[in-house]
Amino acid sequence: MPRIFDNIEKNLLPALQETLLVGERADFCVGYFNLRGWGYLADSIKHWDGGDDHCCRLLVGMQAAPSEELRKAMRIRDQDESLDNQSALREKRRLAEEFRRQLTFGIPTNQDEAALRQLAVQLRAKQLIVKVYLRHPLHAKLYLIHRQDGNNPMTGFVGSSNLTFAGLAHQGELNLDVLEHDACNKLADWFDDRWHDRWCVDISKALAEIIEQSWAGDRLIPPYHVYLKMAYHLAQEARAGLVEFGIPPIFGNTLFEFQVAAVKIAAHHLNKRGGVLIGDVVGLGKSLMATALAKIFEEDHGTETLIICPKNLVSMWEDYVHRYKLHAKILSISKAQQALPEKTRRYRVVLIDESHNLRNREGKRWGVIRDYIDRNDSRCILLSATPYNKTYRDLSAQLALFLKEDIDLGIRPERLIAKLGGEHEFIRKHQCPVRSLSAFEKSEDSDDWRDLMRLYMVRRTRSFIMQHYAEEDSQGRYLRFPDGAKSYFPKRVPKNVKFRIDDADRKDPYARFYSEPVVDTINALQLPRYGLGNYLTPKPKTPPTPHQERIIEGLSRAGTRLMGFCRTNLFKRLESAGPAFLLSVERHILRNFIVLHAIEQGLEIPLGTQGAELLDTRFYDEDADDLQLTAATEETADDETDHETTTHSSIGNSSTSNGSISNSLRSETDYRSRAKQAYAAYQGPFRKRFKWLPSNLFAPALADDLLADAQALLGVLASCGDWRPDQDTKLAELLKLINKTHAKEKLLVFTQFADTARYLSEQIKARGMLRIAEATGQSADPTELAWRFSPESNAKRNWVAAADELRVLIATDVLSEGQNLQDCAIIVNYDLPWAIIRLIQRAGRVDRIGQRADRILCYCFVPAEGVERLIRLRQRVRQRLIQNAEVVGSDETFFDDDDNDQVIRDLYTEKSGAF
C-alpha cells in the first residue's frame with residue numbers, strides 16, 4: 001500500500017531528503033519553483049557529480065496566475081495558442097524576470113543567502129538543470145528518484161506539493177509514494193517526453209546569473225552602487241512628481257529650474273496626501289512656488305484657493321494673485337477666527353504662509369483653521385522657512401492642520417518602536433495607532449521625523465541649490481535669469497557697531513539705564529496685573545455671576561507666562577533704546593494706577609491684556625499696555641476689537657524743541673489724576689473693549705502690590721531722567737553708518753519695537769534725511785513700503801517714482817518674513833533679538849534670489865566695552881524667570897539654551913558662522 005504524505009501526520013520533505021541521499025539522479029516536475037525553497041534539498045544532492053546521469057532535472061510548469069486562466073477560459077472564441085521561436089524567447093525572458101522578482105520578496109537573511117549561493121553553484125556544476133515547459137500550462141507535481149538497485153531502481157512521489165518549503169513541509173497537502181516498477185517506468189517516460197519537447201527551454205544559466213547578480217551573489221557590490229540604489233528608491237516620489245505635473249503657461253520662464261522641480265514634487269505630495277509643506281530656506285522664492293502650485297490645481301482640478309497669511313503680507317499676495325490670475329481669496333491670519341465660520345465659502349485649496357505661526361494647537365486660530373480644512377476636505381499648502389523651532393511637535397502641529405491624528409500614514413516611528421522592544425510594547429505603552437501622527441509625536445528621534453517629513457515636505461538649502469543648480473565664474477556661484485542676468489549667492493559678513501557707555505559720566509543715558517539698580521528693580525517687580533488669578537478672594541461677599549466665572553477661569557490660565565513675557569519685554573526695550581523703555585515704564589505705571597483707582601473707589605476693574613500673544617514680539621511690535629491706554633485718547637468709539645487697527649499714542653510723553661524726550665507725569669499725584677480720566681473713558685464709549693470684574697473679588701494684596709510696583713518704577717524714571725537724543729551714542733553710530741560709511745547705499749534697519757522704529761525715524765528725519773520711512777505693525781501697508789525700498793526685486797520699478805524711492809527703511813519684524821528687499825545688501829540690527837533665529841530671517845530679506853551684490857553686510861550694535869555686559873543682563877533675566885517659573889514662549893530659545901550666549905559672543909566677534 002502507498003504511504004500518504006499530508007504534512008500533517010507525515011511530512012513529505014524528510015522522505016524526499018532520505019531518498020535523494022541514496023539516489024544518483026532525479027527528475028522533478030512542479031508547477032512552481034521557489035528559489036529559496038531549493039535550500040532544503042541542496043545538501044541531499046551535493047555528492048552527485050553532475051551531468052545527465054548524475055543530476056537533478058527540474059521541469060517547471062510555471063502555470064499562469066488564476067486571473068489569467070479565467071481570462072483565457074472566458075474568451076468568446078478560441079485563439080491559436082501555437083508557439084513560435086520569438087514567442088518562446090519572450091516567454092523565457094518573462095519567466096526569468098519572475099524569478100528575479102522572487103528575490104525581492106521578504107527580508108534577506110544569512111540562511112537565504114547561503115542557500116541561494118549553493119543553488120547557483122549547483123546550476124553551474126550541472127548538479128541541477130532547470131527547464132521551463134512552454135507548450136501549455138503544466139500543473140504536475142512529480143518527484144522521481146533513480147538509483148542503482150535491481151529491486152527498487154526508482155521511487156516516485158506524486159500529489160499536490162510544489163517545490164517550496166510550504167508545499168514540502170508546512171501547509172496541508174496530499175501526496176503518495178510510487179514504488180511499483182511499471183508505474184515508475186511510465187512516470188519516467190512521461191517526464192522524458194516533456195523534458196525533450198521542442199518548447200521545453202533550459203534556463204539554468206539564466207537562473208545562475210540572476211542569483212549571482214542579486215544581493216545573494218558572492219561578488220562585492222561597490223558602496224557607491226548601493227548608494228545609487230537607495231537614492232533611486234528614495235527619490236521615487238520626486239521622480240513621479242517631475243513626470244506627472246507641468247508648470248502653467250502663465251509663468252512662462254519666470255521660475256528657475258530648482259523652483260520648477262520643487263513645484264512638481266510638491267504637486268505630487270499635495271495630490272497624493274492632501275497636504276505639503278514647502279520649507280525651502282529663506283530667499284529661494286517659496287511664495288512664487290506656492291502660487292505656481294495653487295495654479296496647477298486650479299487648472300487641473302478647477303479649485304479655488306484660500307490664502308491665509310500675516311497681515312503685513314496681504315498686499316504681497318494680492319500682487320501675486322493679480323499677476324498670475326489666480327482665483328483666490330486672501331485672509332489675514334488675525335482675521336481667521338472671525339472670517340471662517342460654518343457658512344464660509346468652500347475653498348478646496350488652503351495656502352498658509354508662515355505656517356510656523358500655527359505651532360500652538362491650543363490656540364483658537366489653529367482650531368478654527370483646522371476645522372475649516374477638515375470641514376471642506378481642503379488640500380493644504382504650508383509655507384515656512386523655519387517649520388521646526390524647539391520640538392518636533394512644532395512640525396506635527398502644522399501637519400495636523402490637514403492630517404487626522406489616527407489616519408494611517410503608511411510608516412511607523414521605527415527607531416522608537418525598536419527602542420521600546422517592538423510594536424506590541426509600543427501600543428501597550430502609548431495606546432495609539434502605530435502608523436499615525438500621534439505615534440510619531442511620541443518619538444524624539446530625528447531619523448523617525450526625517451522619514452515622516454520626507455512624505456510631506458519639500459525643503460532645499462542654499463548649499464544644495466548652489467551644488468546642483470548654480471553656475472560658477474570668477475566672482476562666485478550664481479543662477480542665471482532668463483534675460484541672461486546673474487543672481488549670485490553672496491557671502492554673509494557679520495560686523496559689529498560699538499557705541500560708548502561711560503559709567504563715570506552721569507550724563508551718559510546708557511550708563512543710567514543699564515545700571516544695576518534699574519535691572520534689579522525690574523527683576524523685583526510683582527507684576528500683579530499679569531497674575532490677577534493669584535489675588536482672587538476665596539469667599540467674596542458677593543459671588544461672581546456665571547459670566548464673571550468664565551472670565552476668572554481665563555485669569556487662572558494666564559499667570560506666570562504673562563508675567564514672564566511682561567518682564568522680558570521690559571528688558572528687551574531697555575536693551576533696544578531708551579525711549580522705548582521709558583514709554584513702556586510710563587504706560588505700565590499709568591495702567592497700575594487705573595486699576596488702583598477702581599479698587600480704591602470700589603469700582604469694576606478693567607482687565608488688560610490676558611492673551612500672551614499680545615506680549616509676544618513675534619506677533620505684536622507695539623507695547624501691550626499702550627494698546628489699552630490708546631483707547632482713552634481716541635475721539636470716537638469703535639467696536640472692532642482687532643488690535644491691528646489700534647493707533648499709536650505716546651501716553652505721558654512729550655518731545656521738546658531740541659528733540660529730547662521728557663516725561664510730563666513725574667509724581668504719583670500726576671499719574672493718579674491721569675488714571676482717573678482714563679478710567680472715565682474706559683467706562684464710557686470704550687467699555688466694550690475690556691472685560692470687567694468687580695474689585696471686591698480681589699484680596700487687598702492686589703492694591704498693595706500695584707502701588708509698590710508703581711512706586712518702584714517711578715524710582716526708575718527718576719534714576720534714568722530725561723532722554724536726550726544728542727547724547728545717544730548708539731543713535732550717533734547709526735547716523736554715521738547712514739551718512740558716512742554707506743552714504744550712497746541702501747540700509748535696512750531692524751528693531752523689535754515700533755517705539756524704537758518711530759524714535760529712529762523721527763531723529764534721522766530731523767537731521768535732514770527725507771528718503772526714509774518706518775514699517776511697523778501700525779503701518780497702513782508695509783508691503784508698499786517694501787516696494788518703495790526695493791522696487792527692482794518686486795518688479796515695481798515703473799510703479800515707484802524716483803522721488804518716492806526709499807534709501808533707508810527702519811522696520812520691526814513685520815518685514816522679517818516674506819518680503820523681497822534684495823535691492824539692498826546691508827542689514828543693521830539695532831537691537832539683538834533674544835530669539836537668535838530672527839537674525840537668519842532678517843538676513844533672508846536681502847539674501848534672496850535676485851541679489852546682485854557679492855556680499856551681505858549684517859551689522860549688530862554692541863557696547864564698546866564688549867558683549868559680556870549684555871550677556872550678564874540676559875543671564876540675570878533668565879535666572880529670575882527660572883526662579884519664578886515664568887515660561888516665555890517657544891520662540892524665546894534664549895531662556896532655556898545657554899549655547900545662545902556663545903552664539904551672541906561669536907556674532908559680536910564677527911565670526912562668519914554666527915549667520
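How many aromatic pairs does the count come to? In this predicted model, the count comes to 28 aromatic pairs. The tour opens with one of them.

**Aromatic rings**

Select Y320 and Y324. These two residues form a stacked aromatic pair, with 6.4 Å from centre to centre and 15° between the planes. Both Y320 and Y324 are buried.

Next, select F499, Y510, F513, Y514, F581, W723, Y830 and F861, which together form one aromatic cluster.

**Charges over rings**

Select R273 together with Y456. R273 lies over the face of Y456, at 5.8 Å from the ring centre. Then move to K746 and F789: here K746 lies over the face of F789, and the distance to the ring centre is 5.4 Å.

**A nonpolar patch on the surface**

Finally, switch to a surface view and select I221, V226, M230 and L234. These residues form a nonpolar patch on the surface, and their accessible area together is about 360 Å². One of them, L234, is placed in helix α9, residues 223–234. Is L234 buried or exposed? L234 counts as exposed because its relative accessibility is 52%, and the cut-off for exposed is over 50%.

Technical notes
Residues numbered from 1 in each chain as written. Predicted model: local features only at pLDDT ≥ 70, side-chain atom pairs only at ≥ 80, totals over all residues. Heavy atoms only, no water. Patch = residues over 30% accessible without salt bridge, like charges linked within 9 Å, V, L, I, M, F, W, Y side chains within 5 Å. Areas by Shrake-Rupley, 256 points an atom, 1.4 Å probe, with all protein chains shown as cover. Salt bridge = Lys/Arg side-chain N within 4 Å of Asp/Glu carboxyl O. Helix = DSSP H or I, 4+ residues; strand = E, 2+ residues; numbered from the N terminus. Buried < 20%, exposed > 50% of the residue type's maximum accessible area, 1.4 Å probe, protein only. Phe/Tyr/Trp six-rings, centres within 6.5 Å; stacked < 30°, edge-to-face > 60°. Lys NZ or Arg CZ within 6 Å of the ring centre and 35° of its normal.
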